[in-house]
Amino acid sequence: MLSMVGQAIRRSNSLASAFLLSRLGVLFLASLVAQAQEIRFFNEGLPFVLENSPTPRKHMIETMPGGVAAFDFNNDGKPDIFFANGAAIPALRKDGPKYWNRLYRNDGDFKFTDVTEKAGLKGEGYSNAAAAGDFNNDGHVDLFVGGVYHNILYRNRGDGTFEDVTTKSGITSDRWTAAAGWFDFDNDGLLDLFVVNYSKWDASMDRFCGDAARNLRIYCHPKYFEPISNQLFRNRGDGTFEDVTAKSGIGRHRGRGMSVAFADYDGDGFMDAFVTNDNLPNFLFHNKGNGTFEEVALDSGVALNDTGKPVASMGADFRDVDNDGLPDIGFTALFGETFPFFRNLGKRMFQDATYSSKIGSATVKLSGWGIGFFDFNNDGWKDLFTANAHVNDQVERTEPTVYRQRNTVFLNTRKAQFRAVEAGLDAVRAHRGVAFADFDGDGRVDVVVSALGEQAELWRNVSENQNRWLNVKPTGTKSNRDGIGAIVRVAGQTNHMTSAVGYASSSLDGVHFGVGGLQTVDVEVRWPSGRITRLVKVETNRSIIIKEE
């Protein structure tokens, strides 16, 4: 095409024609670049159906389940999928197989087998959240499942089965848990557990919200639910945990927690925690490095957006999006609130960049739950995926929006400037949790999404381009075996190993980097211990395991 354009210009005696044809050539080049960067998904589907047990009484817990975890439970190199599921209401019991939590083993080529019973993961109670991490450093990823007054800690035996070790571990079940995440807050090489709690609730609560004259009952506004504290459990290293909620300072702050994400936002060598709160100011817990935290969200600029009002903050992700080496924060919210995005300015300060990044205008009419910043087209810039739906299943009768929605992808067009792209995400459902992994090992990040009352979606990344990639899997030799907390730098990008991503969900599949056309890259890993590992001229288009020496 371009050679044809050049020939046409040479034949022409008209400067105007030459200008026009050269302009066409430029436009064609731009079109080729745009096509190369576009993102496309295809839904392979999974048979799992998220049962939330909706009732005429509109219990708030019905809106909240949907946690998903992507992790390799059997160490065969292929990430598997776990779904947290609901239970009958008001009994809060899994009184039939439809309520079981589910584990699907990855058999390759997007074929999955339900191994729930064999693995011992049917579960109990009304489950919301899933958090994957190797808490005992035996090389097998364990699983925490949080729910409504029933939390479960599973130890991975390494033979394809899990053991419920909740009671002997010291993990409690005295609150309504919405989400959870693993991180090593004291850098002792052992993963600690942060539990996010929503509110006080029991089945006798029966406030009528809505319009009785129209016989319209809806889920009550969060303001009617009393805030409570989150919890922090320190790993003792002997299979038990110490509840350090009070002495760490976490327990002094009450909210309606929805999600947690971790990053060392100020570069002091200790992981910090960002917690979204539903219609209350968010929390940013700065790790002081002495076993305690200070809540600094307001001072740092992430408690509220620029309107000065709290929003229905949902799922969150906490990582460097503009490639300046500093982790930024993004989270979902409801119709009219946008999906706020805060750019890390350094010196423990953030700036509300929701509209300057163009995320604001693109999301103001959406409602979202799960979220994740991942490079879906491997061009070296993290894109944005959101799992969308409203909370209120009757919202179409009260607001100019819809309950069931499509998921969305926003292309990072450089330095955290986003635009929505048509990515083939055509399923219109009440989406909730989302997890990210390269399920077929082709170097493209895939996505799994849960939906209330309907089958889960397994979105295979089929984006077509020549961009290359590298998946770094850091692992400690004696501690932090799954590498959580390690900070990785590749080709001018910074990311870190974490499994706490999105709403009530977990993604543990290495640290993915798109590197454009680079054949080789240098890699640097900063371990939680402070040690640094450097590799030079690493070949791309592959996964590598880096061990801490």
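Reader: What average pLDDT does the protein have?
Author: This is a predicted model, and pLDDT is the predictor's confidence in each residue, from 0 to 100. A score of at least 70 is reached by 93% of the residues. The protein average is a pLDDT of 93.

Reader: How does the lining of the largest cavity divide by class?
Author: Its lining includes Phe270, Met271, Ile487, Trp527 and Pro528. Asp264, Arg526 and Asn187 also line the largest cavity. By class, the count is 5 nonpolar, 3 polar and 2 charged residues.

Reader: How much space lies in the second largest cavity, and how does its lining divide?
Author: The second largest cavity holds about 40 Å³. Among the residues lining it are Leu280, Leu304, Lys309, Val311 and Phe331. The lining divides into 6 nonpolar, 3 polar and 1 charged.

Reader: Which element gives the most to the lining of the largest pocket?
Author: The largest pocket has about 550 Å³ of space. Of its 22 lining residues, Asn75, Lys473, Thr475, Arg481 and Asp482 are the closest to its centre. Two elements give two or more residues to the lining: strand S33 (468-475) and strand S40 (542-547). With 3 residues, the top contributor is S33.

Reader: How do the residues of the lining of the largest pocket divide?
Author: Asp, Glu, Lys and Arg count as charged here. The lining of the largest pocket divides into 6 nonpolar, 8 polar and 8 charged.

Reader: And the second largest pocket: which residues are the closest to its centre?
Author: The second largest pocket has a volume of about 410 Å³. Its lining divides into 14 nonpolar, 6 polar and 3 charged residues. Of the 23 residues that line the second largest pocket, the closest to its centre are His221, Pro222, Leu334, His390 and Val391.

Reader: How many residues are in the largest nonpolar core, and how many in the other core?
Author: In soluble globular proteins, nonpolar side chains tend to be buried together. The largest nonpolar core here has 65 residues, and Leu46, Ile81, Phe83, Trp176, Phe194, Phe439 and Val448 touch the most other members. Apart from it lies another core, with Val115, Val511, Val523 and Ile546 among its members, and its size is 48 residues.

Reader: Is Pro47 buried or exposed?
Author: Pro47 sits in the loop between strand S1 (41-43) and strand S2 (68-71). Beyond four places in sequence, Pro47 touches Tyr104 and Gln455. The cut-off for exposed is over 50% relative accessible area. Pro47 has 54% relative accessibility, so it counts as exposed.

Reader: Is Thr55 buried or exposed?
Author: Thr55 is also found in the loop between S1 and S2. Leaving aside neighbours within four places, Thr55 is in contact with Glu62 and Ile89. Buried means under 20%. At 16% relative accessibility, Thr55 therefore counts as buried.

Reader: How far apart in space are Arg57 and Leu46, C-alpha to C-alpha?
Author: Arg57 lies in the loop between S1 and S2. Not counting residues up to four places away, Arg57 touches Ala203, Ser204, Met205, Asp206 and Arg217. Arg57 and Leu46 are 11 residues apart in sequence, and in space 30 Å apart.

Reader: What is the phi of Asn187?
Author: Most residues other than glycine have a negative phi. Asn187 is in the loop between strand S10 (177-183) and strand S11 (192-197). Asn187 is not a glycine, yet its phi is positive, at about 55°.

How values were computed:
Residues are numbered from 1 along each chain as its sequence is written. This is a predicted model: local features need pLDDT of at least 70, side-chain atom pairs count only at pLDDT 80 or more; totals for chains, interfaces and linings use all residues. Side-chain values use heavy atoms; hydrogens and water are left out. Helices (H or I, at least four residues) and strands (E, at least two) are DSSP runs, numbered from the N terminus. Buried means under 20% relative accessible area, exposed over 50%, partly exposed in between (1.4 Å probe, protein chains only). Contact means heavy atoms within 4.5 Å. On a 1 Å grid over the protein atoms alone, a cavity is a set of points where a 1.4 Å probe fits but cannot get out, and a pocket is an open set with protein on both sides within 12 Å along at least five of seven lines; lining residues have an atom within 4 Å of a point. Grid points are joined across faces, edges and corners, and a volume is the space filled by probe spheres set on the points. A nonpolar core is a set of buried Ala, Val, Leu, Ile, Met, Phe, Trp, Tyr and Cys residues joined through side-chain atoms within 4.5 Å.
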